[in-house]
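Colleague: Please take a close look at the aromatic rings in this model. I would like the geometry of individual pairs and the criteria behind each term.

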Amino acid sequence: MAAGAAPAHITLDQFYSWKKTCTVKQIQSQYEAISEQAKQNGRPVVAEMKAQGYKDFDAFNKQCPPFPILCWPIKLAELGSGFVLYFHFLVVLAVVFLLLFLLQIPALVTYAGQDWLMGWQWSSWEALYSGADPCACLGDNRGITGLDGFLQRNDNYGKSCFAWDAPFYLGCNASSCPTRQPGSWMGRKWCFAASHCPTPLNSVNPSLSNVHFQGMVRAYSTCDDGSMPQQIEALLAGDGVQFGTEDVVFNETGADFGQDNTAIGSHWLTPGNFGPDQASGPLVPEMYFVCVCVMCAVVLFSYQHMAVTDIKVDANSTSPNDFAIMVRGLPKTATDERAILEWFSTNALVGTQCEIVKVVIGWDVEEFRENVRQLTELRDRLQRMEQGDPEATEVKRKMAEINVALKSAAPDQASRLQGSGIVIVIFRRQEDMRNCVERFNTLWARWFYRDAADLLCTRDGMRGGERLPLFPIGGTPACKIQVTRAANPGDINWMELAVEPRTRMCMFAKTVGAMAALICVTFFVTYGLQILQKKTEEEASLSDNAAERKYGFQALAVLPALAVAGMNMLLTITARYLGKAQFHDTKTMEEFSQAIMMTTGMVINTAGVLLFLNAQPQEWYARGGLVDNAGLMLLINALVPPLIPLFEIKYRLRYRLRRKLSQKKLNHMNEVINRVGPNPKNPAEAKELQQVKGQIQNFKTQAFAPEEMDTPRRYAVALNTAFCCIFFSPIMPLVSVCGLLGVVLQYWVDKYALLRISQRPDKPANCNMAMFSLRMFKRLAPLSMAISVLVFLTPSWKEKSDVFSAFVLAIIVSGAFCVIPISIWGMCCIKCFRTTLSSASDLDYYEAQYMWAKEMKYHKDQFIYAKLPESVNPEYLKPGTNSAVGVADVKASYGVAAEQAADTAATGYAGRVQALGGGRVIKMDDQVDAAPAEAAQPAAPAPTKYGVVWSAPQQAPPPDAVAVDVEEVAKA
């Protein structure tokens, strides 16, 4: 131990205090103030912290104030634009649902005036979508030749339009008539129609009401021409005639008026209130066309607003990817940085050369990658085991074997090291980078690998130009390349860049297949619960208790709805695991892949089961059918999942891990730290100290730290609510209110959870997830509403063309909106915001490089390049200096990189780093107690992680600082 240093004494309470230390605080402004004072006083920030009484960063963090819950999302800018835009995205969904509800008010008013839901029990889905007249005469009476009680029979009875009951009427008198209720119906013309012919009550002339009769319908509406047989008209016109003149509905033996308790209540305000084939007029269908158009307009406005917000969050900042492109398609033999640099200098732009600062190669490390992945999985498995688990010995043995194999095989693997076909090319000027990306991403470039040329005098790029340059193999142009803007350092999965497309697709197929299998299992589990509910409901319907018959099914419907919520949670957990198993070039794409799988699984499990079980229109409006179950299920799945973060389930489940930190283990940690001292010279002691540091950090992060906000799952929950509620809006307009409540609840719960419960993210989040989600919503939401309008409104409308014409207009608009990129649609909105989406600045990389920390430079972020000596791979690059790294130098550093990666994978500790908005990077292992007293001379902008912040450069702490961190690690 260092002289004068107090003995380490780590306690369990200090680990529990870590939970509060990790929450989100307003660190940015406080840290900037200290940084400015440090600059004025001419000393490092860590020394300034000590002067102000802060022992370390944790002590400084504790005194920082929390964010107000009611603050505007833009106030969260220090957490990155990703969190700001996440809450903006929820606001967008809330606005969509609010507008949908307001636009559907005419439909709600129209539905409220109708109540013939019982008519659906006789409907036929084939007839409802065919457009044929459901009440056309059958030309058949199925052996029915007359009414019961009358001797007269007619073999043609009901086969065509005729007053078939007139002879019975003429043969009746007040004292003798075998009818239940004689009336003017006996003189009306009618014919037999199919059973799905609508039979609503004709309130003006009840005798003209269609009536179900012995499996068919006596269709008066088909034959009514306002006339009666002359004998009956004369009889009715006679004086003193009172018998049989009542205008009543046909109600003789064999008439079927249905069951009143089989349909849902009219309070749901659905198009089913009309009954089958009864609605008329284009107002409601055209209203939904307007809904589709409004939804598209809101998405366009929101895209522009979110893009501008992203610019505001990153105002006055410059990121490394403002200068860099990622190039795919190079041959694996392309490992000469200098040759690649010269080729792009000549071919990146049309007809002119540009200056390339640096090329960073994504090396192929397949064996290394797989071993590190196995080592990480074994480490996580070991952490989940109970203390004294006999299997732990076997896991440790396997970890040791892999660790040794990684280090011993490094020289052999280095000799076979080759490129991945993917490189990062860094331009000197931002404008050159933007022009290069634009050149290789036009329609002509993506589809025909040609430059875009102008057809007119304007810069339109509407015709194909010359062929784009091919990257050479052996001096011969051969390879088509793909160019995209690079992700920032720290977001790139360097080890996965070289994964072959076939391997990627194979793993993708496996994970998607596993997810599909789980979806099928959850689908049929939910389906089984729905069947059980229906059977139980049928039994309850036979009960003598009226209340049980009326409300029993609603209580039963809660069980499948809760089961769906539980299944959705299982799907999200599985999607996260499977998403990590896939290969992605960036961490953001990995998260979005998880979000897509989560959303797909939840939508199928929520909406798919309901549609599968209630496929026919007559099942939609039955009690316990689609409307009843979907309404309750959507309500529960809109309100329950947003509340999940409040229960801290993941943190509570880690109680088993917290139990593993026994007093015996604490004593061992204290003993090692006190025995080996702050800077052990013995390699064995240094390794022992590193293991203890890893154990301490693992207990903090794995067992005691609060759970991080699960961004992919939160997006998936919001998208599931949005897609399901929008799809079911045409059949249940009130679910737009359900969606609005769910999104608003998620907004406030997630905001509270982020600011009061969750762990602060270790780096600012970018805007990609929000933009990906908005594009996903843009492609699917308008289309789903257009399709659902056709599916759900057609059965209720008499004139199918009214619905179909609105559907055609909606599908054209939504289809075009889906296919045409949102960036093109958004170009027309740019003037509305009086800004541009791209920065107008054109900085020089050689100046901008001083704005970023070493970890945020591509040639220092790649794990092999990071181990090269400063003389071979300098952090700061200079104009006119050869920055290319030779293959021999890369192979020489491979062993060191492999050894450190193996140790990190085994211990799980790579140092604590906290990034702030605006570019600050705080290495929390650097203790203020170890800071040098001398002042640093300002010479260049301070390195920052994500943007421009000028302050005095901070000197690195002396070697003892690492050891002091271990001694003080739990004293905060």
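Modeller: Aromatic rings in the model

Of the 972 residues of the protein, 51% count as buried, where buried means under 20% relative accessible area, exposed over 50% and partly exposed in between, with a 1.4 Å probe and protein chains only. This is a predicted model, in which local features need pLDDT of at least 70 and side-chain atom pairs count only at pLDDT 80 or more, while totals for chains, interfaces and linings use all residues. Residues are numbered from 1 along each chain as its sequence is written, and side-chain values use heavy atoms, with hydrogens and water left out.

The protein has 36 helices and 14 strands; these are DSSP runs numbered from the N terminus, helices being H or I with at least four residues and strands E with at least two.

Now the rings. A pair of aromatic rings is described by the distance of the centres and the angle of the planes. Rings of Phe, Tyr and Trp (for Trp, its six-membered ring) pair if their centres lie within 6.5 Å; planes under 30 degrees apart count as stacked, over 60 as edge-to-face and the rest as tilted. The count by this rule is 33 aromatic pairs. F274 and W797 form an edge-to-face pair, because their ring centres are 5.8 Å apart and their planes stand at 65°. This pair links distant parts of the chain, 523 residues apart: F274 is in the loop between β4 (255–256) and α11 (283–313), and W797 is in the loop between α29 (768–793) and α30 (800–819). Both F274 and W797 are buried.

Y747 and W748 are also edge-to-face, since the ring centres lie 5.0 Å apart with the planes at 80°. Y747 counts as buried at 12% relative accessibility, whereas W748, with a relative accessible area of 38%, is partly exposed.

Ring pairs also build a cluster from Y157, F162, W164, W185, W190, F192, F213, Y220 and F250. A charge sits over a ring if NZ of Lys or CZ of Arg is within 6 Å of the ring centre and within 35 degrees of the ring normal. The charged end of R218 is 5.7 Å from the ring centre of F213 and 3.7 Å from that of F250.

F647 is partly exposed, with a relative accessible area of 48%.
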